Amino acid sequence: AYAESWALTYFLVNQRTPQFLRYVRAMSAKPALQQDTTQQRLEDFQDAFGRDLRLLDVSFLRYFDDLAKK
């Protein structure tokens, strides 16, 4: 799980920088130690990166596939 979360963060920072910054700012604006529901975490993520998670997943996989070919 660590490697995949690192890879997703790397992808978002490098390919979706404005959305990533918006997401980080939104998360940092929440009260400390707030426990969001799974649904709320998903909504927060989708608010920043879009509702189509399949498209994001395809872009994520393609990005690393292209990196491996270099």
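Apart from its neighbours within four places in sequence, Asp36 is in contact with Lys30, Arg41 and Asp44. The model described here is a predicted one.

**The setting of Asp36**

- Asp36 is located in the loop that lies between helix 2 (17-28) and helix 3.
- The relative accessible area of Asp36 is 18%; because buried means under 20%, Asp36 counts as buried.
- A polar contact of 2.4 Å joins the side chain of Asp36 to the side chain of Gln34.

- Helix 4 comprises 17 residues, namely residues 53-69.
- From its first C-alpha to its last, helix 4 reaches 24 Å, which is close to the 24 Å expected at 1.5 Å a residue.
- The N-terminal end of helix 4 is capped by Asp52, which has a side-chain oxygen 3.3 Å from the backbone nitrogen of Arg54.

**The two sides of helix 4**

- Leu56, Ser59, Phe60 and Tyr63 are the buried residues of helix 4.
- When helix 4 is seen down its axis, these buried residues fall within an arc of 100°, and therefore they line one face of the helix.
- The cover over the buried residues of helix 4 includes helix 1 (2-15) and helix 3 (38-49).
- Exposed residues lie on the other side of helix 4: Arg54, Leu61, Arg62, Ala68 and Lys69.

Terms used. Residues numbered from 1 in each chain as written. Predicted model: local features only at pLDDT ≥ 70, side-chain atom pairs only at ≥ 80, totals over all residues. Heavy atoms only, no water. Helix = DSSP H or I, 4+ residues; strand = E, 2+ residues; numbered from the N terminus. Expected span 1.5 Å × (residues − 1). Buried < 20%, exposed > 50% of the residue type's maximum accessible area, 1.4 Å probe, protein only. Arc of directions from axis to C-beta. Contact = heavy atoms within 4.5 Å. Polar contact = N/O pair within 3.5 Å; in protein donor to acceptor, adjacent residues only side chain to side chain.
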